[in-house]
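Colleague: I have a model open here and I'm still learning to read one. Could you walk me through it while I ask whatever comes to mind?

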Amino acid sequence: MNRRLALLALLFAAATAQAQTEPPPAAEPAAPAPVPAPPPPASEGPRVALVTSAGTITLVLDRVHAPVTVANFLKYVDQKRFNGITFYRALTFPGDTPLGLIQAGIRGRSDKVLPPIAHEPTSKTGLSHINGAISMARAAPGSAQGDFFIIVGDRLTGLDANAKDPGYAVFGHVVDGMDTVLKILAAPVSATAGEGAMKGQMIAAPIAVSVTKRVK
């Protein structure tokens, strides 16, 4: 399983790089290093609703453990830069239990993009890529802007940071609407759209996000 997760991390690194910038040079996958157990998911942080054509997804953002990433995400929300984006990617793995991720964001649009932010690795935040986690897509560490993904299943912790890989920055989790997440994960994908590692993962009819807003 560790080898599978390491290979997943390498695949995902290449795919998210193509979504934002040129990919970094490929590296040998590293075995995950032991990390502390993640803290309990924050329940009192800012809440954001993503109103999509498939339903609404409500997030709670962990400002205590990932303040830089949360502040960036809220800028996109408050400035309405996420209104009109789409969930454009669904990565799934075979099995009896749903496993994969869905990805959304600005995809480098010049009218929506904000400056990149510093990377907050899970080895420092204590968060993890478990079921319902929301995390930032990026190319190199420190390049994340306005693309993000939501995890389905508890077996993608290979995307966490380890001794040789900075991983991806988790900054909150879904508190309502995992049924909508599963609908998006099950959306038909194009066999030909996408390049490189993303080929076969692009949603044929991307799921529109009409509004993103803070909620109580």
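Colleague: How many salt bridges does the structure hold?

Modeller: The structure holds 2 salt bridges, where a salt bridge is a side-chain nitrogen of Lys or Arg within 4 Å of a carboxyl oxygen of Asp or Glu. Please keep in mind that this is a predicted model, in which local features need pLDDT of at least 70 and side-chain atom pairs count only at pLDDT 80 or more, while totals for chains, interfaces and linings use all residues. Residues are numbered from 1 along each chain as its sequence is written, and side-chain values use heavy atoms, with hydrogens and water left out.

Colleague: Which residue pairs with Asp-78?

Modeller: Asp-78 forms a salt bridge with Arg-214, and the closest N and O atoms are 2.7 Å apart. Asp-78 lies in helix α2 (residues 67-78) and Arg-214 in strand β8 (residues 202-215), so the pair ties together parts that are 136 residues apart in sequence. Helices (H or I, at least four residues) and strands (E, at least two) are DSSP runs, numbered from the N terminus.

Colleague: And how exposed is Asp-78?

Modeller: Asp-78 is partly exposed, with a relative accessible area of 43%, and Arg-214 also counts as partly exposed, at 43% relative accessibility. Buried means under 20% relative accessible area, exposed means over 50%, and partly exposed is in between (1.4 Å probe, protein chains only).

Colleague: What about Asp-111, which side chain does it meet?

Modeller: The side chain of Asp-111 meets that of Arg-109 in a salt bridge, at 2.7 Å from N to O, and Arg-109 is partly exposed, with a relative accessible area of 37%.

Colleague: Switching to Asp-160, where is that one found?

Modeller: Asp-160 is found in the loop between β6 (147-152) and β7 (170-176). Asp-160 is buried yet has no salt bridge, and the nearest side chain of opposite charge, Arg-138, is 11 Å away. For charge, Lys and Arg count as positive and Asp and Glu as negative, while His and the chain ends are not counted.

Colleague: Is His-129 buried or exposed?

Modeller: His-129 is buried, with a relative accessible area of 0%, and its place is in the loop between α3 and β5 (133-136). The side chain of His-129 makes a further polar contact of 3.0 Å with the side chain of Ser-135. Not counting residues up to four places away in sequence, His-129 touches several residues, among them Phe-149, Ile-151, Tyr-168 and Val-170, where contact means heavy atoms within 4.5 Å.

Colleague: New topic: what is the phi of Lys-80?

Modeller: Lys-80 has a positive phi of about 60° although it is not a glycine. Most residues other than glycine have a negative phi. Lys-80 is found in the loop between α2 and β3 (86-92), and it is exposed, with a relative accessible area of 55%.

Colleague: And Arg-107, what is its phi near?

Modeller: Phi of Arg-107 is near 55°, a positive value in a residue other than glycine. Arg-107 is found in the loop between β4 (100-105) and α3 (122-125), and at 44% relative accessibility it counts as partly exposed.

Colleague: Last one, stepping back: what does the secondary structure of the whole protein chain come to?

Modeller: The secondary structure comes to 4 helices and 8 strands, and read along the sequence the chain follows the pattern α-β-β-α-β-β-α-β-β-β-α-β. Of the 216 residues of the protein chain, 48% count as buried. Among contacts between residues at least 6 apart in sequence, 73% join residues at least 24 apart.

Methods
Polar contact = N/O pair within 3.5 Å; in protein donor to acceptor, adjacent residues only side chain to side chain.
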